[in-house]
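Me: Let us go through this model in short questions and answers. Please define terms as they come up.

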Amino acid sequence: MQNVLLFVDKVSTWVGQALSWLILSLTLLISWEVFSRYVLNHPHPWAFDVMIMMYGTLFMMAGAYTLAKEGHVRGDVLYGFFPPRLQAWIDLVLFICFFIPGVVALCWAGYIYAGESWAINEHSNITSEGPPIYPFKTVIPVAGAFVLLQGIVEIIRCVICIKQGEWPSREQDVEEVDVDKLKKMVHVKDEDIAKLDRYLQQGGGK
Amino acid sequence: MRKEVWFGLAIMAFVVILTFWALPPPSQITQGHLGLLMLSLIVVAIMLGFPTAFTLMGMGIIFAFGSYYMQTGGHTQVSIRNTLDLMVQRAYYVMSNDVLISIPLFVFMGYLVERSNLIEKLFKSLHVALARIPASLAVASLVTCAVFATATGIVGAVVTLMGLLAFPAMLKAGYNVKVSAGVITAGGCLGILIPPSVMLIVYGATAGVSVVQLYAGAFLPGIMLAGLYIGYVMVLAKIKPQFAPPLPESERFVPIPPANAAIAASYGPKAVPSLFRSLKATAAPGVPEGHARRQLLVALSPAIAFVVLMGLTWHAITKPDFAADISGIAISTGGTESTGEPGAEGAQGGGLAEPPQDSGGLAEPPTEPTAADQPKERAEAIAAAEQKKVEQKSAEAARTAKAAAPADWVRDPTPEAFWIVLGIGVALLAVLYVMMNFARLEIFKMLLASFFPLALLILAVLGSIVFGLATPTEAAAIGAFGGFALAAVYALVAKPREVSRPVWRTWIPLWVLFGVSVVWFLLLKFEVLTSGPPVWVGWMSIIAIAA
């Protein structure tokens, strides 16, 4: 069971990370377009459409990744005080009440929406002869499906937690690596931090 | 469970009970009551700690269905279809919103700037530059945070970085723990307030307000808050010195390189005169060839930048006004097109059927009419930022342009405000050079390496947004690209010499080419040159960026 859950985590992570490269191409595309338009006086009509498609894909496909990393914003007023079992109960009930209808509706509606777009071979109407827009609309149900898959995993995690009394492990978070990188950047070692802690515990800096 | 938990749960129960008590019996419920019910349930669900995104999503779906169900008189099929339509249209609206694109780009820019290995140098140079004022370490931390806040739109890694970097430094200097921690957390949270702020983009996109205006409005409060933090810390350090003791002499010491020390020993401590004297005389012992010349160039760079800037401004505001006889067109464009640079401003302000010196009045320099609420200094600062990049190259170009200009030009009289600004600038520069000794020259060089590139990037990004040169999206993309370049350059500087030298050799010609085309573009905007750069230069510079 745990292996299946971790595998889904990995899939979400991989999809999110692969598509996060879009931000780089988006930056380069807009920079180039700005340069081409202002300096060379040579704008491209399709640039705006491509820009929006890149951003929209990036935005939608990040949902499953964020859910896998527990990154969706929680209003942590009381949640942190609760014991794990109560946390899991709340999550379980609200996942079933809110998450499932919302995301299923997204997938379903997106499927109809994208299907209509495919049927009429829809092209963007921002410029004349705009690029085809049906692949972009297909992103909605696809992203919904990934979020739904990850959400089901989260629901199973809630059930496991209710049974065992503690949260099962998940795919290693990126943040730990990040803090290590930052420490290395400013040349701070763990001993330094420990030394500082001891200094504070001895009543320094009062 | 703890007391706070029971308290919170009691509040939630109270909200739910109150809502249900206030609702009329089911037969009289209208859609407005449903909205009220949804609001109270959202508050409760968010307080419970379920992810906000899914709370809102699920609530929206359930209550939209309920509302349609009531409206259509019980048609389940129609209600479901309407709800689904709303759902997907809203999702598609957010996906294809051209204002929201700038959010990931600004976040990316902030990420790159934060990780460009800049913060350590910036903090150290600010720390020595500000060593004399009270609570200098705290002020340096706050200034570093504020600078990074103007580069990022989120509360990002700056808090972590300053916690790792400035917190130990402050504790070592004997600062109070509470003061040090407060400085870092307060400073780190400036990121979301000072533009480019992600919060303001979301607000602008949701409320249908111009993000540019929000930025222009949020700038002063953000800077003011940072200023108040700094003022508070300084006053606190004056009143209670034990909270933030002054730095010992050993911490303030700036090492002077031996060559400069030799010059100082033989020609006196004032940096600029003694460098001049050492240029004339034969090289002092231990001073390498050309060293004094390079040092002098660095020391004089603010003066050079000032001269170029004032020269271009003068050129722009005294340029004869060709647009006057087509005033009908000029009026229609003058209000909407705010190109933001003094040159175009002067020309377009004059386009409103009046010569510039009259339209601006004597105290006001001729700035863009629609941007009248912008402080004038910002226009200057942004122009300065753009001009610093150009430095000597633009001076050369300006010379050639003047030679090529038609001979029958009669310049407009120079407004008085220009001379006032010029006088103040010259006085400030004079004070700067009288104060500058070799230790201060070292500090200036440190700032030049760490503070000014970032400040230029920030001013270029914010300036182009606020003055309407570019949309926030474009500015964010350019900023992210600039952050990329910055990170690359600092990463290369950190590498040992043998690795970096060949890379520099391929980069520099390409970047010079790119710089030339950007300078050309800026001069075109200032109406110094009349034609755009030839296309091949542009293409070459695109290749240059890609390399």
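Reply: A salt bridge is a side-chain nitrogen of Lys or Arg within 4 Å of a carboxyl oxygen of Asp or Glu. This is a predicted model, where local features need pLDDT of at least 70, side-chain atom pairs count only at pLDDT 80 or more, and totals for chains, interfaces and linings use all residues. Residues are numbered from 1 along each chain as its sequence is written, chains are lettered from A and ligands numbered from 1 in the order in which they are written, and side-chain values use heavy atoms, without hydrogens and water.

Me: How many salt bridges does the rule find across the interface of chain A and chain B?
Reply: Contact here means heavy atoms within 4.5 Å. By that rule, 70 residues of chain A meet 75 residues of chain B. Polar contacts (N or O pairs within 3.5 Å, one able to donate a hydrogen and the other to accept it; sequence neighbours count only through side-chain atoms) join three residue pairs across this interface, both residues at pLDDT 80 or more. The number of salt bridges across it is zero.

Me: What share of the area buried between chain A and chain B comes from carbon and sulfur atoms?
Reply: Buried area is the accessible area (1.4 Å probe) lost when two parts are put together, summed over both. For chain A and chain B it is about 6,200 Å². In chain A, the residues that lose the most area to chain B are A:Y55, A:F98 and A:M185, together 11% of what that side buries. Of the whole buried area, carbon and sulfur give 81%.

Me: Which element of chain A supplies the largest share of the side that touches chain B?
Reply: Helices are DSSP runs (H or I, at least four residues), numbered from the N terminus. Those giving at least two residues each include α3 (47–68), α4 (84–119) and α5 (134–164) of chain A. The largest share, 17 residues, comes from α4(A).

Me: Which residue of chain A has a side chain in polar contact with A:R74 at 3.4 Å?
Reply: A:R74 is in the loop between α3 and α4 of chain A. A:E70 is found in that loop too, and its side chain joins that of A:R74 by a polar contact of 3.3 Å. Phi of A:E70 is positive, near 55 degrees. Beyond four places in sequence, A:R74 touches residues including A:D91, B:G49 and B:F50, and the side-chain partner at 3.4 Å is A:Y79.

Me: What is omega for the peptide bond from B:P195 to B:P196?
Reply: Most peptide bonds are trans. B:P196 is in the loop between α9 (177–188) and α10 (198–207) of chain B. The bond from B:P195 to B:P196 is cis, with omega near -5 degrees.
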